[in-house]
Amino acid sequence: MFPSKDTVLCMSLAGRPGTFGVRFHNHLYQQLGLDYYYKAMTTGDLPAAVGGIRALGVRGCGVSMPYKEACIPLLDELDPSAAVIDSVNTLVNTQGHLKGYNTDYLAVRQLIGQHRLDPASSVALRGSGGMAKAVACALRDAGFKVGTIIARNREAGERLAEVCGYRWQAEPHDVRAQVLVNVTPIGMAGGAEAQQLAFEQGAIESAQVVFDVVAMPAQTPLIVAAQAAGKPVITGLEVIGLQALEQFVLYTGVRPEARQVAAAVAFARGE
């Protein structure tokens, strides 16, 4: 299906545009026969870009760093998923009215339920960036009251810990928690720390569940170590697939079947 004058445009804004969203959304549009097209973009002028989304009728926009917080003053409304963490990763344009959502937060809330995590469990979360904020607040709002934020950036780490009612420490030394969560680039393919563990082996062995938000690869060193220790895991691939699905539903009003989503994720990853 070729774009026409009636094709609905969706897009993403990122400092460093990737291909996952482009491949995921366009694959589903084609499979479902929807006259939509998705394009990844970047900008040096965020107000003008958001104004263009509004004026040109771009239906939806995925938002990545460094625009997740900077775009908020330019919007008309925030969904509770974005308001609760002051971070937006999705814009929906309804006749010029721009509403911000955070589907990362929504995805993690879903995964907490799907994996039946016990809110009475203690949590150790490594990271303090935008995604860490979404994950930590999702855990907090799901009822997890005992937690530790591990972050070298003391200011950001202490701020996130305060928001969630957790404690902060700089390094993961001697951490013991029932749920371990990595929300840093440690273990990410192509990164400087691609072969490293986000938590010490002792912490992995004493945990009940291990959650790594890194999606590329899905089998990070942390996930591999946790599986070798017989621990249930939650992978970043689950997060990225769910958050992209929720964006797709917001843009189109259509919820694909599970098999269609799985095929789109596989296609987006180049499988």
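**Close-up views of a predicted model**

**View 1. The largest nonpolar core of the predicted model.** This core has 57 residues, of which F24, L125, V135, L139, V181 and F211 touch the most other members. Helix 9 (residues 236–252) supplies the largest share, 9 residues. Both domain 1 (8–101 + 238–269) and domain 2 (106–234) give residues to the core, so it lies between them. A second, separate core has 17 residues, including V175, A203, A207 and V233.

**View 2. Surroundings of F211.** Leaving aside residues up to four places away in sequence, F211 touches V108, L111, V135, L180, V181, N182, L222, I234, T235 and V239. V135 and V181 are listed with F211 among the residues of the largest nonpolar core that touch the most other members.

**View 3. Strand 7 beside strand 8.** Strand 7 (residues 123–126) and strand 8 (residues 147–150) run parallel and are joined by 4 bridges. One of the residue pairs to look for is R126 with its bridge partner in strand 8, I150.

**View 4. The contact between domain 1 and domain 2.** The domain assignment gives domain 1 as 8–101 + 238–269 and domain 2 as 106–234. In this view, 13 residues of domain 1 are in contact with 18 residues of domain 2. The centres of the two domains, taken over C-alpha atoms, are separated by 25 Å.

**View 5. The whole protein, for orientation.** The secondary structure comprises 10 helices and 12 strands. Along the principal axes, the C-alpha atoms fill a box of roughly 60 × 40 × 35 Å. Among contacts between residues at least 6 apart in sequence, 66% join residues at least 24 apart.

Key: Residues numbered from 1 in each chain as written. Predicted model: local features only at pLDDT ≥ 70, side-chain atom pairs only at ≥ 80, totals over all residues. Heavy atoms only, no water. Pairing = 2+ DSSP bridges. Helix = DSSP H or I, 4+ residues; strand = E, 2+ residues; numbered from the N terminus. Core = buried A, V, L, I, M, F, W, Y, C linked by side-chain atoms within 4.5 Å. Buried < 20%, exposed > 50% of the residue type's maximum accessible area, 1.4 Å probe, protein only. Domains from an automatic or database assignment. Contact = heavy atoms within 4.5 Å.
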